[in-house]
Every structure is written in structure tokens, then in C-alpha cells.
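User: I'm new to reading protein models and would like to learn how the labels are decided. Could we go through some of them together?

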Amino acid sequence: MVYEQARGGEERPILAIELDGREHLTDEAVRRRDQEKQAICRAQGFELIRVENSYAKRYYYIKKILEDYFRHVR
């Protein structure tokens with residue numbers, strides 16, 4: 001998770017990143033949990049960014065995702 005300093009000194013999340021394996025596409029129970037996580041994050045006012053597990057070590061790919069996210073948020 002990435003946090004920002006909120007008023008009053010408390011930290012609050014602004015985004016979370018989740019690495020998704022194949023089961024996130026094929027397992028219905030996992031897909032339902034992912035939908036619930038997505039809904040919880042949105043309800044709390046932050047984004048859940050999903051990245052395929054195969055990209056976990058492709059640092060420039062992850063960097064681009066984050067740059068694109070922050071370009072649109074700020």
C-alpha cells in the first residue's frame with residue numbers, strides 16, 4: 001500500500017497493488033474475493049491496482065503503472 005499524510009497527522013492509503021496469478025482468472029471463489037476487495041478499496045476512497053504475477057520482476061512495467069496512476073490522480 002501507498003499512504004499519504006492526512007490532516008491531523010494520520011496516514012491513509014491512496015492505493016494498493018496486488019499481484020494476480022492465474023487463479024485470479026480461473027477460480028470463481030478467488031474472483032469473488034477480488035471483487036469484494038475492489039469494492040472495499042473504492043468505498044474507502046483508494047484504488048486497487050492489479051498486476052499479473054508474471055510482471056512482478058519487470059520493474060519498468062510496474063514503474064509505468066505507477067507513473068500513469070499518479071499522473072491521473074494529482
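User: Where does Arg-12 lie, and why is Arg-12 called partly exposed?

Analyst: Arg-12 lies in strand E2, which covers residues 11–20. Keep in mind that this is a predicted model. The relative accessible area of Arg-12 is 36%. Buried needs a value under 20% and exposed a value over 50%, with partly exposed in between. Since 36% falls in that middle range, Arg-12 is partly exposed.

User: What makes Val-51 a buried residue?

Analyst: Val-51 has a relative accessible area of 3%. The cut-off for buried is under 20%, so with 3% Val-51 is buried. You will find Val-51 in strand E3.

User: Which residues does Val-51 touch, leaving out those up to four places away in sequence?

Analyst: There are several: Ile-17, Glu-18, Leu-19, Asp-20, Tyr-61, Ile-62 and Ile-65. To count as a contact, heavy atoms must lie within 4.5 Å. For Tyr-61, ten residues from Val-51 along the chain, the C-alpha atoms of the pair are 9.5 Å apart.

User: Let's turn to helix H2. Is Asp-34 buried or exposed, and how do you know?

Analyst: Asp-34, which is found in helix H2, has a relative accessible area of 7%. That value is under the 20% cut-off, so Asp-34 is buried. Not counting residues up to four places away in sequence, Asp-34 touches Glu-18, His-24 and Arg-50.

User: And why is Ile-40 counted as exposed?

Analyst: Ile-40 has its place in helix H2 too, and its relative accessibility is 53%. Exposed means over 50%, so Ile-40 qualifies.

User: What makes Arg-42 exposed?

Analyst: Arg-42 lies in helix H2 and has a relative accessible area of 57%. This is over the 50% cut-off, so the label is exposed. Arg-42 and Leu-15 are 27 residues apart along the chain, and their C-alpha atoms are separated by 9.8 Å.

User: How many of the residues in the protein chain are buried?

Analyst: Buried residues make up 26% of the 74 residues. Val-51 is one of the buried residues, and Asp-34 is buried too.

User: Which residues are closest to the centre of the largest pocket?

Analyst: The largest pocket holds about 240 Å³ of space. Of its 13 lining residues, Asp-20, Gly-21, His-24, Leu-25 and Glu-52 are the closest to its centre. Helix H1 (23–26), helix H2 (28–43) and strand E3 (47–52) each supply at least two residues of the lining.

User: How many positive and negative side chains does the protein chain have?

Analyst: There are 15 positive and 14 negative side chains, and the centres of the two sets lie 4 Å apart. As for the surface, the chain exposes about 6,000 Å², with carbon and sulfur atoms supplying 50% of it.

Methods. Residues are numbered from 1 along each chain as its sequence is written. This is a predicted model: local features need pLDDT of at least 70, side-chain atom pairs count only at pLDDT 80 or more; totals for chains, interfaces and linings use all residues. Side-chain values use heavy atoms; hydrogens and water are left out. Buried means under 20% relative accessible area, exposed over 50%, partly exposed in between (1.4 Å probe, protein chains only). Accessible areas come from the Shrake-Rupley method with a 1.4 Å probe; for residues, only the protein chains shown count as cover. Lys and Arg count as positive and Asp and Glu as negative; His and the chain ends are not counted. The place of a charge is taken as NZ of Lys, CZ of Arg, CG of Asp or CD of Glu. On a 1 Å grid over the protein atoms alone, a cavity is a set of points where a 1.4 Å probe fits but cannot get out, and a pocket is an open set with protein on both sides within 12 Å along at least five of seven lines; lining residues have an atom within 4 Å of a point. Grid points are joined across faces, edges and corners, and a volume is the space filled by probe spheres set on the points. Helices (H or I, at least four residues) and strands (E, at least two) are DSSP runs, numbered from the N terminus.
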